[in-house]
Amino acid sequence: PEVREDKFILDKSSNLYYQWLVLMTLAFAYNLIFDFARFVFKDLHVGLAWIPWLFFDILTDSIYAADIAMKARTGFLEQGLLVRDSRRIRKDYFNSVDFKIDLVSLIPIDYVLFMSPSFLRLSDYWTLGRLNRLLRYRRAMEAQERTETRSSYPNAFRICSVILYIIIIIHVNACFYFLMSEWHGIGSDTWVYGEKNKQSLPDGINDTLIRRYVYSFYWSTLTLTTIGEVPGPVQNAEFLFVTIDLMCGVLIFATIVGNVGSMISNMSAARAEFQNKMDGVKQYMTLRKVSKNLEDRVIKWFDYLWSNKQSLNDESVLKVLPDKLQAEIAMQVHFETLRKVRIFQDCEAGLLAELVLKLQLQVFSPGDYICRKGDIGREMYIVKRGKLQVVATDQEDSEVFATLQEGSVFGELSILNIRGSKHGNRRTANVRSVGYTDLFVLNKNDLWVALKEYPEARKTLLVKGREILRKDNLLDDNAPEEQESPEEVVDNLLQSISVLQTRVARLMAEKTSTESKLNNRIEVLERELEKYKKKRVKQSEPKFGRSQTLTADFDPHDLVLPDRPGTSYIEPIDPHTKKVN
């Protein structure tokens, strides 16, 4: 059957779906905070105050109803692909438990109670009819999870969420306290809210809606956190309520405090790990009696790393991602930087994608020498941040030939091993860091490993390098062009040896197998030969075995031969030939 694909199908990974979840969370928070509070603090409905409440009730209910329609158009993944068949999506949703819960959450019990006859006195409880709206808590939980995933500061968001949970728990408990006060009667004893409870309503303080809620919130905070002094209960029901409150408070806040402690530990985990590494280096320098000047430079280098958020290793952080995603992130971070290198400007994108994964960030302190004249060039450098000076000597007051700033590149020709270069692969100048400098470093070995897979790019890079050297009059034109580097020659020889070893091992195995087969064949032939010899021996024996017996029992000389012709007689037997004479 043909699969239907509708255009307006909501993807759970899209921004629109996330924004809708946030809107649903706001509607849920409205019902969570105000529905029960409006039932307890009835002064919120005094006069015409019920009109805006009714407006917001209808608004949130409309959002709830629209959420059902949105769920009926929200696709799901099947074999990694988003299902866009609206009929199938609706069928799966309507047959699910979520759809039944969503319908129950929209039953208009509050409107029925609000419009009930006055003599039934049910309109006083109409806000309680909205408690079924709290069944949509799953949408709020999903919004929290997605916000935590999308946030750049997940630990801070978790702490804010825990604080919000604490406030809501205290708010609901405050509503229960004031409900107990109304049930026993305002001012009936020293525990409930009222004039007898001087802590709640001291002399000279007016009994207002704000005062009632503020004191209830204060009492709930002190009770659940088990700190501070509040008036003791008087009646049995009050004792039971306070006991349950204390037990719940201990359980809830123990869990919350544990979670907060874990979150704070996670927030400082990176700092603790960095500090441990720093302490280890400091202990090593103390043990090895490193000079104070060098020790100060190392400590300042660590401080610079932490202050610039460079304590994270790119490779260790991104290794949990697939290779393709690592390459995409590295391309966005380093691609433009690598494009600034002259020899890489026209290279194919595949080679650049390989190289961006090889770039390593290094930080140099003020006065550090990145390279010195005459050093063997094994890396090329790209300046990310800071300034470098090209100087004549390694003296502090040495003449400065040039200043390299952000985006500058140096050392790229020394890693190509271009034949005919007048300086070979040696550094031609001293490069010194002025302040703290961040450099991207590309290792020579990493470059040549990548170039093995791109032979055309290798030729292009060598041609460009020769052109640059020729332009600067640093190339010997009589030198032969590059064929293969010594490393490549060694690699080819090793590969040939490996192939030969494989072939020799295969021939030895074939020789052993052939010898075994020949030995088995020879054994078979020997057995057949033995059988054949025995058979010939049997065939050479006479058919009558009684001849020897006759020879032994009778003497042929004792026989009397008749003289008459025609008479039969027994001829004597020769004892040697066993034949009749």
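Trainee: Leaving aside its neighbours within four places in sequence, which residues is D110 in contact with?
Mentor: In this predicted model, D110 is in contact with D61, W126, G129, R130 and R133, once the neighbours within four places in sequence are left aside.

Trainee: Where does D110 sit, and is it buried or exposed?
Mentor: D110 has its place in helix α5, which covers residues 109-114, and D110 counts as buried because its relative accessibility is 0%, where the cut-off for buried is under 20%.

Trainee: Okay, stepping back, how many helices and strands are in the protein?
Mentor: The protein has 18 helices and 10 strands, and of its 581 residues, 32% count as buried.

Trainee: And among contacts between residues at least 6 apart in sequence, what share joins residues at least 24 apart?
Mentor: That share is 69% for this protein.

Trainee: Let's go to helix packing: at what angle do α1 and α7 pack?
Mentor: Helix α1, residues 15-40, and helix α7, residues 154-184, pack at an angle of about 10 degrees, and their axes are 9 Å apart. Angles under 35 degrees count as roughly parallel, and α1 and α7 are therefore described as roughly parallel to each other.

Trainee: Which residues meet there?
Mentor: On the α1 side they are L32, I33, F36, A37, F39 and V40, and on the α7 side they are I168, H171, V172, C175, F176, F178, L179 and E182. Sorted by class, this contact of α1 with α7 has 12 nonpolar, 1 polar and 1 charged residues.

Trainee: What about α6 and α7, are they roughly parallel or roughly antiparallel?
Mentor: Helix α6, residues 137-150, packs with α7 at an angle of about 155 degrees, with the axes 9 Å apart, and because angles over 145 degrees count as roughly antiparallel, α6 and α7 are roughly antiparallel to each other. The residues making the contact are M141, Q144, T147 and E148 of α6, together with P154, F157, R158, S161 and Y165 of α7. By class, the contact of α6 with α7 has 4 nonpolar, 3 polar and 2 charged residues.

Trainee: Changing topic, which residues does the UniProt annotation "transmembrane region" cover?
Mentor: According to the UniProt record, which is an unreviewed entry, that annotation covers residues 20-41, 156-179 and 239-261. In the model, the chain over residues 20-41 is 95% helix and 0% strand, with the end C-alpha atoms 31 Å apart. Over residues 156-179 the chain is 100% helix and 0% strand, and there the end C-alpha atoms are 35 Å apart.

Trainee: How many disulfides does the structure hold?
Mentor: The structure holds 0 disulfides. As for individual cysteines, C248 is partly exposed because its relative accessible area is 35%, whereas C371 counts as buried because its relative accessibility is 7%.

Trainee: Now some loops: where is T226, and what is its phi?
Mentor: T226 is in the loop between α8 (209-225) and α9 (236-267), and it has a positive phi of about 55 degrees although it is not a glycine. T226 counts as partly exposed because its relative accessible area is 49%.

Trainee: And where does K289 lie?
Mentor: K289 lies in the loop between α10 (269-287) and α11 (292-307). The phi of K289 is near 55 degrees, a positive value in a residue other than glycine, and K289 is exposed because its relative accessible area is 74%.

Trainee: What is A392 in contact with, leaving aside its neighbours within four places in sequence?
Mentor: With those neighbours left aside, A392 is in contact with S398, E399, F401 and N430. A392 belongs to the loop between β6 (388-391) and β7 (400-404), and A392 counts as partly exposed because its relative accessibility is 31%. The C-alpha atoms of A392 and K373 are separated by 8.6 Å, and these two residues are 19 residues apart along the chain.

Trainee: Last one, where is L122 found?
Mentor: L122 is found in the loop between α5 and α6, and L122 counts as partly exposed because its relative accessibility is 32%. Its contacts, leaving aside neighbours within four places in sequence, are L113 and S116. The C-alpha atoms of L122 and V112, which are 10 residues apart along the chain, are separated by 9.1 Å.

Methods:
Residues are numbered from 1 along each chain as its sequence is written. This is a predicted model: local features need pLDDT of at least 70, side-chain atom pairs count only at pLDDT 80 or more; totals for chains, interfaces and linings use all residues. Side-chain values use heavy atoms; hydrogens and water are left out. A disulfide is a pair of cysteine sulfur atoms within 2.5 Å. Buried means under 20% relative accessible area, exposed over 50%, partly exposed in between (1.4 Å probe, protein chains only). Axes are lines fitted to C-alpha atoms, for helices over the stretch in contact, and angles run from 0 to 180 degrees between N-to-C directions. Helices (H or I, at least four residues) and strands (E, at least two) are DSSP runs, numbered from the N terminus. Angles under 35 degrees count as roughly parallel, over 145 as roughly antiparallel, 65 to 115 as roughly perpendicular and the rest as oblique. Contact means heavy atoms within 4.5 Å. Ala, Val, Leu, Ile, Met, Phe, Trp, Tyr, Cys and Pro count as nonpolar, Asp, Glu, Lys and Arg as charged, and the others, Gly among them, as polar. UniProt positions are given in the numbering used here, feature names are shortened, and annotations may be inferred rather than shown by experiment.
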